[in-house]
Amino acid sequence: MEHTLYKLPYSFDALEPHIDAQTMEIHYTKHHQAYLDNFKKVVEKNPNLKDLSAEDILRDLKKLDVSEEDRKALQNHGGGFVNHNLYWSVMGPEKQIDETLVSDIEKTFGSLDSFKELFNLTATKQFGSGWAWLVRDKNQDLKVYSLPNQDSPLSLGHEPILAIDVWEHAYYLKYQNKRVEYIENWWNVVKIV
Ligand code: MN3
């Protein structure tokens, strides 16, 4: 199975002023690329993984026949690879609203605004590096939570729908320590809701 970076359908400066071009370029070409490269090294070491997608590797993380060191590396770098693919894909310079998702969000959280409030609080409160997630659980119910590092909801049996990266590398050049401001402005470039 070949693993490739999500191909950005917009330029590095397309999300300005909310996400600046320099952050986008470094984030995509350096950070994301490094997760992919390191993930592929572990996959190459373990021939039993060669036919699995990165998503399947994360879903089956606990039961994979690999060393504990490699399992941790797959969690970190495989997670980093897959999480960023979603992050790029939910953003864009133009709205492409997912009406079904919006209607499910309104049913679950009362309104889009109350969902955003919960999501922002969750992203703000994630201590240290990590992500805030909107996922569907096994019953297709929507849930919001944060996970540390590059941990993937796939490893909990959940399907990721929307995610914000709150590692400092995602916002520090423009926002410095102001994570809250980054999170609030990020909604301007979320295209699916
Ligand atoms: Mn990142």
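Three strands form an open sheet in the order 2-1-3 with antiparallel pairing, where two strands pair if DSSP finds at least two bridges between them. Strand 2 and strand 3 (159-165) are the edge strands, each pairing on one side only, and the twist averages 25° from one strand to the next. The model is predicted, so that local features need pLDDT of at least 70 and side-chain atom pairs count only at pLDDT 80 or more, whereas totals for chains, interfaces and linings use all residues. Residues are numbered from 1 along each chain as its sequence is written, and side-chain values use heavy atoms, with hydrogens and water left out. Helices (H or I, at least four residues) and strands (E, at least two) are DSSP runs, numbered from the N terminus.

**Sheet and hairpin**

- Strand 1 (residues 130-136) and strand 2 (residues 142-148) pair in the antiparallel sense over seven bridges.
- Within this pairing, Trp-131 stands opposite Leu-147 in strand 2, and Ala-132 stands opposite Ser-146 in strand 2.
- The hairpin of strand 1 and strand 2 has five residues between the strands, and Gln-140 there takes a positive phi near 70°.

**Helix packing**

- Helix 1 (residues 21-45) and helix 3 (residues 68-90) pack at an angle of about 140°, with their axes 8 Å apart; axes are lines fitted to C-alpha atoms, for helices over the stretch in contact, and angles run from 0 to 180 degrees between N-to-C directions.
- Helix 1 and helix 3 are therefore oblique to each other; angles under 35 degrees count as roughly parallel, over 145 as roughly antiparallel, 65 to 115 as roughly perpendicular and the rest as oblique.
- Helix 1 passes helix 3 in a left-handed crossing, a term used if the near helix is turned anticlockwise from the far one by less than a right angle, with right-handed used if clockwise.
- Residues making the contact (heavy atoms within 4.5 Å) include Met-24, His-27, Tyr-28 and Phe-39 of helix 1 and Ala-73, Leu-74, Phe-81 and His-84 of helix 3.
- The residues of the contact of helix 1 with helix 3 comprise 12 nonpolar, nine polar and two charged; Ala, Val, Leu, Ile, Met, Phe, Trp, Tyr, Cys and Pro count as nonpolar, Asp, Glu, Lys and Arg as charged, and the others, Gly among them, as polar.
- The axes of helix 5 (residues 112-125) and helix 7 (residues 179-186) come within 10 Å and cross at roughly 145°, and helix 5 passes helix 7 in a right-handed crossing.
- That contact is made by Phe-119, Asn-120, Ala-123 and Thr-124 of helix 5 together with Arg-179, Val-180, Ile-183, Glu-184 and Trp-186 of helix 7, of which five are nonpolar, two polar and two charged.

**Manganese site**

- His-27 (NE2), His-84 (NE2), Asp-165 (OD) and His-169 (NE2) are the protein donors of the manganese ion, lying 2.0 to 2.1 Å from it; donors are N, O and S atoms within 2.8 Å of the metal (3.2 Å for Na, K and Ca), and water is not among the atoms, so sites may look incomplete.
- The donor residues are spaced H-x56-H-x80-D-x3-H in sequence; His-27 in helix 1 and His-84 in helix 3, 57 residues apart, link distant parts of the chain.

**Backbone details**

- The peptide bond from Glu-16 to Pro-17 is cis, with omega near 0°, and Pro-17 lies in the segment before helix 1.
- Asn-149 has a positive phi of about 55° although it is not a glycine, and Asn-149 is placed in the loop between strand 2 and strand 3.
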